Amino acid sequence: MSEEFPTPQLIDDLEDHPGQDNGRVVKDLLAGTAGGIAQVLIGQPFDTTKVRLQTSKVPTSAAEVVKNLLKNEGPKGFYKGTLTPLVGVGACVSIQFGVNEAMKRFFHARNVDHNATLSLSQYYLCGLTGGMTNSFLASPIEHVRIRLQTQTGSGAQAEFKGPIDCIKKLRSQKGLMRGLIPTMLREGHGCGTYFLVYEALVSKQINQGLKRTEIPPWKLCLYGALSGTALWLMVYPIDVVKSVMQTDNLNKPQNGKNMIQVARNLYAREGLKAFFKGFGPTMLRAAPANGGTFATFELAMRLLG
C-alpha cells in the first residue's frame with residue numbers, strides 16, 4: 001500500500017473516553033437516542049414511500065406513490081406510523097451505539113496492547129453485535145410501523161386505530177415478531193458495515209492531527225451519509241423480503257412462511273427486480289437520515305462532555 005494512503009489506524013476510543021468513565025454508557029445511550037429521533041424525523045417520508053413501493057401488488061413508481069399519497073391522504077400521510085418509530089428508533093439507535101461502544105471496550109481489554117486501536121475486523125464485529133442485539137427491538141417496531149404505513153383506510157375503515165391497537169392485534173395473532181430473522185441478517189451485516197465505514201472515515205481526520213471533537217459538523221454529516229449509503233447497498237434485498245413478510249396476511253401468508261419461501265416466490269413472480277423495489281427512495285433517504293443520525297450523536301456527545 002502506498003505511503004500516500006497508509007494502512008488505516010482507527011481512532012483510539014480509550015483516548016477520548018477513558019475506561020474509568022462510569023457515565024459513558026449513559027452518555028452513549030442518550031446521544032444514540034437523540035440520533036435516532038433525528039433519523040426518524042428526516043427519513044420517515046422516504047421510508048413510507050419505500051415501504052409502499054416494496055409491498056405494492058401492481059407495478060408502480062416512486063412518483064406515482066407520492067402523487068397518490070398526497071392526493072388521497074395529504075402530506076400527513078408521509079408520517080403515518082411515526083409515533084412508534086419516534087420512540088422505538090430512538091431506543092434502537094441507542095442500543096446500536098451503546099453496544100457498539102461496549103464491544104470496543106471489550107476488544108481493547110482482550111488485545112495484547114490495551115491502548116492500541118482496534119483492527120478493521122474488530123470494528124466490523126462491534127457494529128455487527130450492536131445490530132444483532134438491536135434486532136429484537138427493531139423487528140416488532142418496524143412491523144408495527146409498516147402495518148400502519150401501508151394502511152390506506154382511515155377512521156372506521158382503518159384496520160388499526162393506532163400503534164397500541166396494532167400491537168395488541170399482532171400479539172393476539174402471535175405475529176408481532178414476524179420478520180425477526182431477516183431483520184437480524186440486515187441489522188447484523190448492515191451495522192457492521194455502517195460503523196466500520198464511519199470509523200474509517202473519522203480515523204483519517206484523526207491521523208491528520210485533528211481531535212474527534214474538532215471534526216466539523218458538515219464532515220460528520222458527510223461521513224454518516226456515506227456510511228448509511230454503504231449499509232443499504234449491502235442489505236437492501238433482505239429488507240424487501242422483510243417488508244413483504246411484515247405486510248402479508250398473518251394467518252394465511254400469501255408469499256411464504258419464512259424468508260427463503262418469500263424470496264423464492266418474489267423471484268418466481270418478478271425476477272431480480274423484485275428485490276430492488278423502492279431502492280431509489282431508500283438511497284435518497286440514506287444520505288440525509290444517516291448524516292443527521294451521526295452528526296446528532298457526535299454533537300450530543302460533545303454537549304454531554
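**Reading burial, cores and pairs**

Modeller: Phe-279 has a relative accessible area of 27% and is therefore classed as partly exposed. Under 20% counts as buried, over 50% as exposed, and the range in between as partly exposed (1.4 Å probe, protein chains only). The model is predicted, so local features need pLDDT of at least 70 and side-chain atom pairs count only at pLDDT 80 or more, whereas totals for chains, interfaces and linings use all residues. Residues are numbered from 1 along each chain as its sequence is written, and side-chain values use heavy atoms, with hydrogens and water left out.

Colleague: Which residues touch the most other members of the largest nonpolar core?

Modeller: In soluble globular proteins, nonpolar side chains tend to be buried together. A nonpolar core is a set of buried Ala, Val, Leu, Ile, Met, Phe, Trp, Tyr and Cys residues joined through side-chain atoms within 4.5 Å. Here the largest core has 33 residues, and Trp-232, Val-241 and Leu-266 touch the most other members. At least two residues of this core come from each of H2 (24-55), H4 (83-110), H7 (180-207), H8 (217-247), H9 (259-270) and H10 (279-304). H8 gives the largest share, ten residues. These helices are DSSP runs (H or I, at least four residues), numbered from the N terminus.

Colleague: What does Leu-266 touch, residues up to four places away in sequence not being counted?

Modeller: With contact taken as heavy atoms within 4.5 Å, Leu-266 touches Val-240, Val-241, Val-244, Gly-271, Ala-274 and Phe-275, again not counting residues up to four places away in sequence. There is also a second, separate core of seven residues, including Leu-148, Phe-160, Leu-170 and Leu-250.

Colleague: How many salt bridges does a search of the whole structure find?

Modeller: A salt bridge needs a side-chain nitrogen of Lys or Arg within 4 Å of a carboxyl oxygen of Asp or Glu. The search of the whole structure finds twelve. In one of them, the closest N and O atoms of Glu-101 and Lys-104 are 3.1 Å apart. Because these two residues are three apart in helix H4, about one helical turn separates Glu-101 from Lys-104. Glu-101 is buried at 6% relative accessible area, and Lys-104 is buried at 1%.

Colleague: Where in the chain do Arg-212 and Glu-298 lie?

Modeller: Arg-212 and Glu-298 form a salt bridge whose closest N and O atoms are 2.8 Å apart. The pair links distant parts of the chain, for Arg-212 is in the loop between H7 and H8 while Glu-298 is in helix H10, 86 residues apart. Arg-212 and Glu-298 are both buried. Lys-277 and Glu-270 also meet in a salt bridge, at 3.8 Å from N to O. Salt bridges with shared partners join Lys-50, Glu-142, Arg-186, Glu-187, Asp-239 and Lys-242 into one network.

Colleague: How is a pair of aromatic rings described?

Modeller: The distance of the centres and the angle of the planes describe it. Rings of Phe, Tyr and Trp (its six-membered ring) pair if their centres lie within 6.5 Å; planes under 30 degrees apart are stacked, over 60 edge-to-face, and the rest tilted. The whole structure holds twelve aromatic pairs. Phe-97 and Phe-294 have ring centres 5.4 Å apart and planes at 65°, so this pair is edge-to-face. It links distant parts of the chain, Phe-97 in helix H4 and Phe-294 in helix H10, 197 residues apart. Phe-276 and Phe-279 form another edge-to-face pair, 5.8 Å centre to centre with 80° between the planes.
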